[in-house]
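Welcome, and please open your viewer.

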Amino acid sequence: MNLPRFNDLNAACDFCGVVPPDSLIAGQLIRTPTLSHRRSKNGYIRIFSDGAAIVGNWENGLEAFYSDKSGKTLSRQERAELRRQSEQRRRETERELRTIREGVCQRLNVFFGADYGAYPTVSMEWQGTSRHPYLERKHVEPTEAMYECRRENFEAYFGKDYQRLPEGRLLVFPLMKTGAGVVSAQFIAEDGSKYFLRNGEMKGAYWPATFNPVDRGAPQKIHIAEGVATLLSVLQQSEQRSGIFISCMNAGNIKPVAKAMREQYPLAEIVLYADVDKPRDGHQYGVGIEKAQEAQAEVPNMKILVPPFSDSDIQRFKAITRSEKAPTDWNDYYRIWEARE
């Protein structure tokens, strides 16, 4: 193992820039805050059965090995040199990743603009093609910013060995980033399976449901949802509202997207349509609400809306879907509302 070795756990944590945990449990991966972001969980400690541990920091890429039997404590100069080497490796990795992502963006732009690449879902319906099965199940309509392809279309531009996608019709959602254009894509198969483009940039990227802001005469707002089905439901049901409707694609991306929207639209109200996920052990809320609240703490003038599921709603949803799955998002809520009518 070529990691720097410490015989003091606090020294290993200090080297990596993470906060030492209150307790250690052998065999577990413990998530811990970093010294730079004490509200995060971007540090980690893996404890082995003999008491040794791997300490790491996902933010700066530093890792260290701890054991009270290692018999060596690095000097200040040695720790500084190891940090210098790690920082150099991090910069080299970032440069390589930027080069890869630049190539991905170039291929994406061709893919979305070529005749044999991705084609607009709306135009397919105009020509008599049936609605995509995923949209049918979710009871949502396509927009002009949504595309389709098949695996052979994708492979024609990215190659057969780039990323394995399923057969059949694939919905394609171009993911944008403010100031950078299209940086990635999400694919949804007929069975609802979701795939993010390999090597695409995700942090702060989002899918806009429409090319231009929706103007219905009401004050403009930024509407943010996690998934595309939730966003499309909100867009369809919000006839009295106007503004920009975007999906951040997953809970971990809520805060970066909300902050980017606030920077771009400093005066607009932001409305986040949060998912009601099952809480993890020891947590009051599920990850959807937790991440929404984290974003709200840093984004001024942001409102969180949570679907109000009653016990009868939950039973109605299970009957609709013929499953034991509980409803979690606004798409589920509107489907329940349709069943009431």
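Is cysteine 248 buried or exposed? Select cysteine 248: with a relative accessible area of 0%, this residue is buried. Here buried means under 20% relative accessible area and exposed over 50%, with partly exposed in between (1.4 Å probe, protein chains only).

Before moving on, a word about the model. This is a predicted model, in which local features need pLDDT of at least 70 and side-chain atom pairs count only at pLDDT 80 or more, while totals for chains, interfaces and linings use all residues. Residues are numbered from 1 along each chain as its sequence is written, and side-chain values use heavy atoms, with hydrogens and water left out.

**The whole protein**

Zoom out and show the protein as a cartoon. You will find ten helices and 15 strands; these are DSSP runs numbered from the N terminus, helices being H or I with at least four residues and strands E with at least two. The C-alpha trace spans about 75 × 50 × 40 Å along its principal axes. Of the 341 residues, 45% are buried.

**The cysteines**

Next, select the cysteine sulfurs. The structure holds zero disulfides, a disulfide being a pair of cysteine sulfur atoms within 2.5 Å. For cysteine 13, the nearest cysteine sulfur is that of cysteine 16, 7.2 Å away. Cysteine 13 is buried too, at 0% relative accessibility. Return to cysteine 248 and look for its nearest cysteine sulfur: that one belongs to cysteine 105 and is 19 Å away.

**Helix α6**

Select residues 228–237, which form helix α6. Why is this helix described as largely enclosed by the rest of the structure? Because eight of its ten residues are buried. Colour them to see the stretch: Val228, Ala229, Thr230, Leu231, Leu232, Ser233, Val234 and Leu235.

**Aspartate 313**

For the last stop, select residues 311–321, helix α9, and pick out aspartate 313 within it. This aspartate is buried, with a relative accessible area of 2%. Which residues does aspartate 313 touch, not counting those up to four places away in sequence? Show Pro308, Ile336 and Arg340 beside aspartate 313 to see these contacts, where contact means heavy atoms within 4.5 Å.
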